[in-house]
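I opened a new page for this model. I want to look up a few residues and note what I find.

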Amino acid sequence: MYDKQNNIIILYGADEAKKGGRVKIVQEKNTLTAAKVTIYLQNGAKQEIRYVEATGYVEVTTPKGTAKGNRGVYNPQKNLVELWDNVQIEQDGNFVKGDHAQTDLTTSVSKLMSKQKGGRVSGTFYKKRKK
């Protein structure tokens, strides 16, 4: 759905009501999937993307790993993804969990944070096996 007055595009998964529909957006080797995606466009003739909001089991996949959360925002100017609520990041079989994450898609560096000051994040790390 395109809302011309507010300059936004809203995308819903095909079967969102049945909890099975997913929106999938691919940019080069990175993929964003979610139940609902809202794209906010800049005003003017070009209508470039200002930012993208995603809700409903958001998953961001890059060649280096996967990050998941309940909601997220992608900022194309900074090439940065932020996820909130039940965040989990997986890379090479290792997992970290927290409340809020920022992932720089240019450097593939992620930061994981807790909602509370002094709060905790958790992780599970496995030693690489020799082949």
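Is Tyr51 buried, partly exposed or exposed? I looked it up: Tyr51 is partly exposed, at 26% relative accessibility. I use buried for under 20% relative accessible area, exposed for over 50%, and partly exposed in between (1.4 Å probe, protein chains only).

Before going on, I note that this is a predicted model, where local features need pLDDT of at least 70, side-chain atom pairs count only at pLDDT 80 or more, and totals for chains, interfaces and linings use all residues. Residues are numbered from 1 along each chain as its sequence is written, and side-chain values use heavy atoms, with hydrogens and water left out.

**Aromatic rings.** I found one aromatic pair (ring centres of Phe, Tyr or Trp, its six-membered ring, within 6.5 Å). Tyr40 and Tyr51 are its members, stacked (planes under 30 degrees apart). Their centres are 4.4 Å apart, with 15 degrees between the planes. Tyr40 sits in strand E5 and Tyr51 in strand E6, 11 residues apart. Strands are DSSP runs of at least two residues, numbered from the N terminus. Tyr40 is buried, because its relative accessible area is 17%.

**Thr103.** I placed Thr103 in strand E9, residues 94-104. Thr103 is buried, at 11% relative accessibility. Its side chain makes a polar contact with the side chain of Ser110, at 2.9 Å. Beyond four places in sequence, Thr103 touches Asn79, Leu80, Val81, Val109 and Ser110.

**Lys111.** I found Lys111 in strand E10, residues 109-113. Lys111 is exposed, at 51%.

How values were computed
Helix = DSSP H or I, 4+ residues; strand = E, 2+ residues; numbered from the N terminus. Polar contact = N/O pair within 3.5 Å; in protein donor to acceptor, adjacent residues only side chain to side chain. Contact = heavy atoms within 4.5 Å. Phe/Tyr/Trp six-rings, centres within 6.5 Å; stacked < 30°, edge-to-face > 60°.
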